[in-house]
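User: Could you walk me through how to read helices, salt bridges, charge patches and backbone angles in a model?

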Amino acid sequence: MEANTRSTGRLPAAFLTPGSSSFMDFLSDHSPEILPGNRSLPPLQGAVEAPHGTTIVAASFPGGVVLAGDRRATMGNMIAQRDIEKVFPADEYSAVGIAGTAGLAVEMVKLFQLELEHFEKVEGATLSLEGKANRLSTMIRSNLAMAMQGLAVVPLFAGYDVDREKGRIFSYDVTGGRSEEHGYAATGSGSVFARGSMKKLYRKDLTEEQTLTLVVQALYDAADDDSATGGPDVARRIYPIVTVITDEGFRKLDDTESSEIARAILERRLEQPDGPRAALL
């Protein structure tokens, strides 16, 4: 097939008229070796040392959803990178936050973006938010062999459901199991602390601005107790990646906006190091 392509200067007909709206199915038919789940893996020799991304948080509010992540990547007890980006747009109305093996996670996000773009071009319509969540579940499941060798990817998926007119959040396990979260969610090594923080501060009637503060507060609390989660780094001007998805689409806060939220929280933490208090009753 490769020789025929070179001689004619044209792609094979199958490449021009794919029989499936799924980009992953298309690759499975024509270049299966490209897919992460089909790669041959060497025998496991001790612990796998690879950069890992950590805490991702999400919270919904009337009119949309916020997805945010810290900036630290670790490799064992070492800080591998201080300014890694862990939150990416999947399409106009959805986003993915990555936790787990950083390199594989970024590769999976890029493949997911192609999957959604391919579907839209072939079908002439966008996939529903439920459909997007299901597609991501399939991709995570295809990475199970690598996950069993310590190279797991556990993302958090969030988006604005244009049919239901509200923000929705989906979490996953390493086998691709999908769960819809209501209100807020967290994944990664600091997720226990982030979830505990949001559990005491979250309300269904929060405004967009309050929800933005909520997720940054949760990331701060996660960094306070989890060494693999990075807090706001004022000296290096490194702040959490914070995104908002509403009926107007995906928007990433710029450095000025995210730094203002982070600095305001840092100033309050000088008076209350453990953060805001929730009422007992």
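Analyst: Happy to; we will take these features one at a time. This is a predicted model, in which local features need pLDDT of at least 70, side-chain atom pairs count only at pLDDT 80 or more, and totals for chains, interfaces and linings use all residues. Residues are numbered from 1 along each chain as its sequence is written, and side-chain values use heavy atoms, leaving out hydrogens and water.

User: Which residues of α4 are buried?

Analyst: Buried means under 20% relative accessible area, exposed over 50%, and partly exposed in between (1.4 Å probe, protein chains only). An α-helix has 3.6 residues a turn, so residues three or four places apart point the same way. The buried residues of α4 include Ala105, Met108, Val109, Phe112, Glu115, Leu116 and Phe119.

User: How many salt bridges does a search of the whole structure find?

Analyst: A salt bridge is a side-chain nitrogen of Lys or Arg within 4 Å of a carboxyl oxygen of Asp or Glu. The search finds 14. In one of them, Lys252 pairs with Glu85, with the closest N and O atoms 3.3 Å apart. Lys252 lies in strand β14 and Glu85 in the loop between β5 and β6, so the pair ties together parts 167 residues apart in sequence.

User: Which residues are linked in a network of salt bridges?

Analyst: Glu130, Asp161, Arg168, Arg178 and Glu180 are. Within this group, Arg168 and Glu180 form a salt bridge whose closest N and O atoms are 2.8 Å apart. Arg168 is in strand β10 and Glu180 in strand β11, 12 residues apart. Arg168 counts as buried at 3% relative accessibility, whereas Glu180 is partly exposed at 25%.

User: What should I know about phi at Glu165?

Analyst: Most residues other than glycine have a negative phi. Glu165 is not a glycine, yet its phi is positive, about 60°. Glu165 sits in the loop between β9 and β10 and is exposed, at 59% relative accessible area. Arg237 also has a positive phi, near 55°; its place is the loop between α8 and β13.

How values were computed. Helices (H or I, at least four residues) and strands (E, at least two) are DSSP runs, numbered from the N terminus.
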